[in-house]
Amino acid sequence: MIALKEAQQAGLFAKQHWVPNVVSGMIVGVVALPLAMAFAIASGVKPEQGLYTAIIAGLLVSVFGGSRLQIAGPTGAFIVILASITAKHGIVGLQIASLMAGIMLLCLGLARMGVIIKFIPAPVIVGFTAGIGVIIWVGQWRDFFGLPSVTGEHFHEKLWHLLQAMPNLHVATTALGLGSLALVLYGSRLPGLKRVPGPLIAMVVATILQSAFGFKGVVTIGSAFGGIPQGLPTFTVPSVSMTQIVTLIGPAFTIAMLGAIESLLSAVVADGMAGTKHDSNQELIGQGIANIITPLFGGFAATGAIARTATNIRNGGTSPLAGITHTVTLVLIVLVFAPLASNIPLAALAAILFVVAYNMSELNHFAHMVARAPKADVAILVITFLLTVFTDLVVAVNIGVILATLQFLRRMAESVEVQEVAAQEISRELVHLGMIQLPPGVLVFGIEGPFFFGAVEEFERSLARTHTDPKILVIRFRRVPFIDITGLQTLDEVIQKLQRRGVRVILAEANERVLGKLERAGIVERVGDGGYADTLVAALARCEGFDERNKHVHQALIDEFSDQVLEKSKSYLDKGQ
């Protein structure tokens, strides 16, 4: 309950803050009403389940989340994966997957993985969100145009069948859809409606028109789902089998990742707008709790909603009281106005989702990234987008992350340099310590960058360039931030090969972390006594053939420095300083 505590400590529960938060919560509740129903229908479940999700998840995230401004509920990002799960496994399967995703989110938060989630590459996020936007847009054609049902397992099949069915569009439904779309976009510009959300205006106007004229053939919530029950859901535990768990673990993981990304992104947006600072780990814990409990009351997966959170801030919300009020508002709507929802045309909800899909796709950002990003990132962006649209969101996210990881490793490996340090460079570096030249038969190699499995090939290739074996090889680790097991194994193998050829290996200048790994791997023991030195000077001092003259020069420099210090001190004493 970090958000509640922070709000209390900041004095945001004082009476003077009640009114703006309550008003903001009521506005957000009204905004959430059409969106929750639209997202539920698009996900393959009943509209009231979207309302239950917004009510329960919104309350729990406000209480247990890590951002005091976050508004949670069903979102467009989930539509594709949730609709797929519902089609294959039914509503019970969807609720089990949502519950499993909640457990994963809770574990991520408890393991303090909130920061790591932010590191998912932008091309992957932009690619799959744009793909989701396209799928949502095409998926709403049937309700928007009043088209007959079409078949097709894959996107391209459904798209082709929808295009073929376009000549059979329903005129009244299409007219309501176009009118609703215009009101969603421009309704708030009408006189006296500036503060009223466009989606609400569109839904109310379309419902009034349908109620007044009763257009034949127009599909409504009442004709499609039998209306919305006037009451709250009951607690029900779904029966779970091991087979379901195994089958749904992949989709549940995707829900968890999408939920984590969207909720943390929403929290970051809120911080930027309000000047607050969220706790990413606590936010994941709050999202996990919400997704565990919500399915037990008839709901499904939820996450932080960027648009509703931004609406909360713009209307004066400053504390979790606004999120709690948003929940209370939805509860009152369900208890009082549920019967009126029967005449809401699905075309109006489809129009709302048209705008949601456009906003999700971020066309300008997508085009900017294609035009300006490096070619490898553009390739990852386009591949993730195409896989999201034409295959499966789970596949798209997994492959996108894998490709981005491989690209990152390639760049990391290319940044690692393993090269021989020239004698002149060593002389310039160490001359002030009294060392003039490298001992004969000694080579010094420096490694710059992380010594991991991607850099192993470069290390072996660089050593092979020496052609002739030196008597002593000094390997500097001064600029190696970390080393992994592959790097340790390769280093160990190289040292053994060199030792069999009579080359003595001395390791030098490793940081504490790298040195600890070298010791645990037995590499320090393998190079023997004197095989490791904290400094390059100490390493060179252990080389056979070390020029004794260097030692004398070194001592002479120390003596000269000491004389200068004594002379300076005497001067200060004479002046009374």
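Guide: A crossing of two helices is called left-handed if the near helix is turned anticlockwise from the far one by less than a right angle, and right-handed if it is turned clockwise. Helices (H or I, at least four residues) and strands (E, at least two) are DSSP runs, numbered from the N terminus. The model is predicted, so local features need pLDDT of at least 70 and side-chain atom pairs count only at pLDDT 80 or more, while totals for chains, interfaces and linings use all residues. Residues are numbered from 1 along each chain as its sequence is written, and side-chain values use heavy atoms, with hydrogens and water left out.

Let us begin with helix α10. Helix α2 (residues 18–42) and helix α10 (residues 198–213) cross at roughly 65°, and their axes come within 8 Å; such axes are lines fitted to C-alpha atoms, for helices over the stretch in contact, with angles running from 0 to 180 degrees between N-to-C directions. The two helices, α2 and α10, are therefore roughly perpendicular; that label covers 65 to 115 degrees, whereas angles under 35 count as roughly parallel, over 145 as roughly antiparallel and the rest as oblique. The crossing of α2 and α10 is left-handed. On the α2 side the contact (heavy atoms within 4.5 Å) is made by V30, L33, P34 and M37, and on the α10 side by P199, L200 and M203. Sorted by class, this contact between α2 and α10 holds 7 nonpolar, no polar and no charged residues. Here Ala, Val, Leu, Ile, Met, Phe, Trp, Tyr, Cys and Pro count as nonpolar, Asp, Glu, Lys and Arg as charged, and the others, Gly among them, as polar.

Helix α10 has a further partner in helix α9 (residues 171–186): their axes lie 7 Å apart, at an angle of about 150°. This angle makes α9 roughly antiparallel to α10, and their crossing is right-handed. In α9, L176, S180, L183 and V184 meet G198, P199, I201, A202, V205, A206, L209 and Q210 of α10. The contact of α9 with α10 comprises 9 nonpolar, 3 polar and no charged residues.

Elsewhere, helix α6 (residues 122–139) and helix α16 (residues 346–361) have axes that come within 7 Å and cross at roughly 160°. Helix α6 is accordingly roughly antiparallel to α16, and the crossing is left-handed. T129, A130, I132, G133, I136 and W137 of α6 make this contact with L353, F354, A357, M360 and S361 of α16. Its residues fall into 8 nonpolar, 3 polar and no charged.

Buried means under 20% relative accessible area, exposed over 50%, and partly exposed in between (1.4 Å probe, protein chains only). After α14 comes G316, with a positive phi near 100°.

Now to the charged pairs. Side chains of opposite charge can pair when their charged atoms come close. The whole structure contains 4 salt bridges, each a side-chain nitrogen of Lys or Arg within 4 Å of a carboxyl oxygen of Asp or Glu. One of them joins R411 to D377, with the closest N and O atoms 3.4 Å apart. Because R411 lies in helix α19 (residues 393–415) and D377 in helix α18 (residues 375–390), this pair ties together parts 34 residues apart in sequence. R411 is partly exposed at 35% relative accessibility, whereas D377 is buried at 15%.

Another salt bridge links E509 and R476, whose closest N and O atoms are 2.7 Å apart. E509 sits in the loop between β6 (504–508) and α23 (512–520) and R476 in strand β5 (residues 472–479), so the pair connects parts 33 residues apart in sequence. Both E509 and R476 are buried.

R526 and D492 also meet in a salt bridge, at 2.5 Å from N to O. With R526 in helix α24 (residues 523–527) and D492 in helix α22 (residues 485–500), the pair ties together parts that are 34 residues apart in sequence. R526 is partly exposed, at 36% relative accessibility, and D492 is buried, with a relative accessible area of 16%.
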